[in-house]
Amino acid sequence: MGSDMLHDCLRGRWKVRLGRMEIDARFRYYFQHPWSRLVVAYLVTFFNFLIFAEDPVSHSQTEAHMIVVGNCFSFIVNKYPGGGWNVLKIVMWILAIFTGLVAGKFFFHRRLFGRYLRLKMFREDHGSWMTMFFSTILFLFIFSHIYNLLLLMTGGMGPHMVTEYMGIRNESFMKMAAVGTWMGDFVTAWMVTDMMLQDTLYPEWGQTARRFWKQGNNRIVLFWTVLISLTSVVVLVISTDWISWDNLNRGFLPSDEVSRAFLASFILVFDLLIVMQDWEFPHFMGDLDMNLPGLSTTQLKFKLPVCKRIFKEEYHIHITGKWFNYGIIFLVLILDLNMWKNQIFYKPYEYGQYVGPGEKIYTVEEPDTLSHFNRSTLTWEWRSTNIDPRTNLTYIHRDMFLHSRYIGASLDVKCLAFIPSLAAFVLFGFFIWLFGRFQDSETFPESQDKTYERIKRKSPSDLGVTPEEVHVSMSETLKRSGTPMLLLVDAHHFGSSANSISPCSNETQETQPSISLDKAACPEAADVDKLSP
């Protein structure tokens, strides 16, 4: 009697667990389905166009400013005092770049992300260039403040202090940002399209399109033709103002600062979703045999010209598929965060704008005259009743009318828009921390040497073979020798989890605890790479 009750209890628990696993599998199937990934990728592109058109900052004639990035831009590009100070400034930002590259590679990438956090996506040299890029921005920002301290100690150098103001107008900067986000988002969407048409994980999806895409050089020709032609049109339209959004929509569903803040927030969410929908997120340790977008190879590798008498080694730059595809997204995140910041802290007067009837926004289009006005004169009441002596017309006749609105919402209300973005960032970090780290019992794979690749050691990369291809070749050798291939199962987290990858093998690890399946003996397991709901 007692044994029957125990048997029924265990069977009930396994039914509940299997039911949860089935729900998780169905959710992941549809969440990572090609249609879902394509819709998200192209929606980001559309939303970026929409917020650029609706954002009143895009028409502002005041000086552009951007936190951190503005300091780096001003540090390198402008505000040179002249004489010996120019030499000092150039030496300091060159030193900042060098320090950022070294710290990004050996401290942030290898020590912090690799040995301490044990992140799988940063194994060996993966993601090192992206880490070095952001580390360089950090050290340029730090060195710019050291440079400011030297100017402050000298005295009388206030106009040459490095600040977040970039020395260009908001209108020009926002056009450049719009082109940059278009390039980043559309290139990413086009890359996702290319990957979807190459993959085999969803064999029933888009069979006709896949056959055409893979035939000959169709994918390469179409990729570059569409990318170059559409980018040329977008750059031409944005830079010349041939198309006016306010003339097109004629006030249809005008936005205010709250709706624009939520739109910018959801753009950030979709940027992260593009990465999270990848089949190999969050570890990126798979061996999907896909060519890089627009190329006929699965990897890019460059040999750096160095003096062998000094270094006695040859160094290579190796770009893998995942960082090639999604590295752009992290760059676009910087511009999208700045866009969100503009909506949250937007006040018309600070951007040379004011509010008229119907809470509509007006923009002063003559930047030279902005210094002559203050908060009392930069209003609709004053500019609509006072005459400009140069034109004998009221000042408002020279100003640009926008359908975008400013309702004066409080900062507390506008900050609610950050909740979706904050939730997405937390979820993104949670999945990486939970499923994208090597366990303490696992060995963290590091680069074969302490810098990059040494020709003397003849690493797989020197022979034109990636680490993933090494694992594949090992698997094929085991199959030929008759050695059974095991589908390993790990249950480190909550008893069941999403797919995880062993650091010693690229074989997929399913999530039932304490079970090992022999592919050679179990035909059903042979087709594990095919997904189904």
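Let's start with the nonpolar patch on the surface. Leu88, Leu149, Leu150, Leu152 and Met153 make it up, and together they have about 490 Å² of accessible area. Areas here come from the Shrake-Rupley method with a 1.4 Å probe, and for residues only the protein chains shown count as cover. To join such a patch, a residue needs over 30% relative accessible area and no salt bridge, and nonpolar side chains (Val, Leu, Ile, Met, Phe, Trp, Tyr) are joined within 5 Å. A salt bridge is a side-chain nitrogen of Lys or Arg within 4 Å of a carboxyl oxygen of Asp or Glu.

Some housekeeping. This is a predicted model: local features need pLDDT of at least 70, side-chain atom pairs count only at pLDDT 80 or more, and totals for chains, interfaces and linings use all residues. Numbering runs from 1 along each chain as its sequence is written, and side-chain values use heavy atoms, with hydrogens and water left out.

Which helix gives the most to the patch? Helix α5, residues 128-154, with four residues. Helices are DSSP runs (H or I, at least four residues) and strands likewise (E, at least two), numbered from the N terminus. Leu150 sits in α5. Leu150 counts as partly exposed because its relative accessibility is 31%. The cut-offs: buried is under 20% relative accessible area, exposed is over 50%, partly exposed is in between (1.4 Å probe, protein chains only).

Now the inside. The largest nonpolar core has 68 residues, and Met196, Ile274, Val275, Phe281 and Phe428 touch the most other members. Helix α6 (170-198) is among those supplying at least two residues. By core I mean a set of buried Ala, Val, Leu, Ile, Met, Phe, Trp, Tyr and Cys residues joined through side-chain atoms within 4.5 Å.

Stay with α6, where Thr181 is found. Is Thr181 buried or exposed? Buried, because its relative accessibility is 7%. Beyond four places in sequence, Thr181 touches Asn48, Phe186, Val332, Leu335 and Asp336. Contact means heavy atoms within 4.5 Å. Phe52 is 129 residues away along the chain, yet the two C-alpha atoms are separated by 9.9 Å.

Last, backbone angles. Most residues other than glycine have a negative phi. Arg118 has a positive phi of about 55°. Arg118 lies in the loop between α4 (84-116) and α5. Asn392 also has a positive phi, about 60°. Asn392 is in the loop between β7 (387-388) and β8 (393-394). Arg118 is buried, at 14% relative accessible area; Asn392 is exposed, at 62%.

Technical notes. Patch = residues over 30% accessible without salt bridge, like charges linked within 9 Å, V, L, I, M, F, W, Y side chains within 5 Å.
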